Each structure stands twice: as C-alpha cells, then as structure tokens.
Amino acid sequence: MTFPMSLKRNPDREFGHGAGHINPLGAVHPGLIYNAYEIDYVKFLCGQGYTTELLQRVSEDNNTCSSNNSNTVYDLNYPSFALSTNISKSINQIYKRIVTNVGSKNATYKATIINPWNNLEIKVKPFILSFKNLGEEQSFELTIKGRISKNIQSASLVWDDGKHKVRSPITVFDANIHSS
C-alpha cells in the first residue's frame, strides 16, 4: 500500500520522493531517449553561473564559458523540466529538447500534457513526432506560461505511440521555498 505525500508534512513533496517506481522491462525498451553529451553539460554549467575557471576544475579540460553558452541552462537535453520562479512572477519559459527513436522503425508519438493547474498553460510543439527509422532524432519545444499559485506545482508530458509511454515530469517551484 502506498500513501501520497501530504503537503502539510512534506511541503517540498515533488523533491522528496526520488525518481519513483522503475519498470525494468520498460527501461530495456523505452521507445524514446534524451541523449546528452559532454558539451550539453558544459553549456548547462555555464548557464548555472559557473566561471571558466570553475568549469575547468570540474571538467578537467579546456572548456570555457562565454556569452554564447551562458543562457542555455534550460536546454540541457534532459527528460525532465524544472523552473525556479517566484509566486508573484509571470512565467514564459521555452525548453528545447531532442528525442531519439529507439522503439519501432515506423513510430508516431502523440504528446499529452497532464496539467491539473488552471494558472499554468503548458504546450508542446509539435505535439506529434513521426519517425521512419530507429536512431532518428526529432526536436520539440515545451512552453510554460502563467504564474504559480502554490510553492510547487507539478505536471507531466507523456509521449505515447500506443506501445511506449515516455513520461517527463514538469515542476515549477518558488525559488524562496527553502528560505525560511
């Protein structure tokens, strides 16, 4: 038996329960994957405010942070979406992602946004991805608009081809949640 986390006892519940239940057979045949390479993490760290000196200490190579890669924190090709904001702030954030087809040779995935919040508008473009080959890549954008009304609000994006359901969590949270 599982019990949902209580907002009163667990105010940061979305961050308190880890990755969730893993289906080993589903992991063997995921359908879509989000590839991320070293350069993606370099851009992410630069976007997080790392200096070239700190980046080189972490990466142990000659990577540099510059104006070309300092605003790319939201574009790490990762299968989840997180946005730190303030409750009073209006949101209009675009995330760019690339997925690789590792499911079926001819596959068409339709996107569904599971969003219980009226104050957040979440859209994916395009909402249909059609693949002709294994290993084929396609890009999409996810946009979050609105304003959060609670400290943490969660939603999800699900890509479904009838055989595979590829779920990506979406979490928008108040940057000041832990400041008390």
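Trainee: In this predicted model, which residue of β9 does Ser 154 stand opposite?

Mentor: Ser 154 stands opposite Thr 171 in β9.

Trainee: What makes strand β8 and strand β9 a pair?

Mentor: Two strands pair if at least two bridges are found between them, and nine bridges join β8 (residues 152-160) to β9 (residues 165-174), therefore the two are called paired, and they run antiparallel.

Trainee: Why are β2 and β6 said to stand at the edges?

Mentor: The open sheet has five strands in the order β2-β9-β8-β4-β6, with mixed pairing; β2 and β6 (128-131) each have a single partner strand, so one side of each is left without a neighbour in the sheet. Direction ignored, neighbouring strands of this sheet are turned by 15° against each other on average.

Trainee: Why is the link between Cys 46 and Cys 65 called a disulfide?

Mentor: The sulfur atoms must lie within 2.5 Å, and those of Cys 46 and Cys 65 are 2.0 Å apart, so the pair qualifies as a disulfide. The pair links distant parts of the chain, 19 residues apart, with Cys 46 in helix α2 (residues 38-47) and Cys 65 in the loop between α3 (52-59) and β2 (81-85).

Trainee: Which handedness does the link of Cys 46 and Cys 65 have?

Mentor: The link is left-handed, with -85° about the S-S bond, and both Cys 46 and Cys 65 are buried.

How values were computed:
Residues numbered from 1 in each chain as written. Predicted model: local features only at pLDDT ≥ 70, side-chain atom pairs only at ≥ 80, totals over all residues. Heavy atoms only, no water. Helix = DSSP H or I, 4+ residues; strand = E, 2+ residues; numbered from the N terminus. Buried < 20%, exposed > 50% of the residue type's maximum accessible area, 1.4 Å probe, protein only. Axes fitted to C-alpha atoms, helices over the stretch in contact; angles between N-to-C directions.
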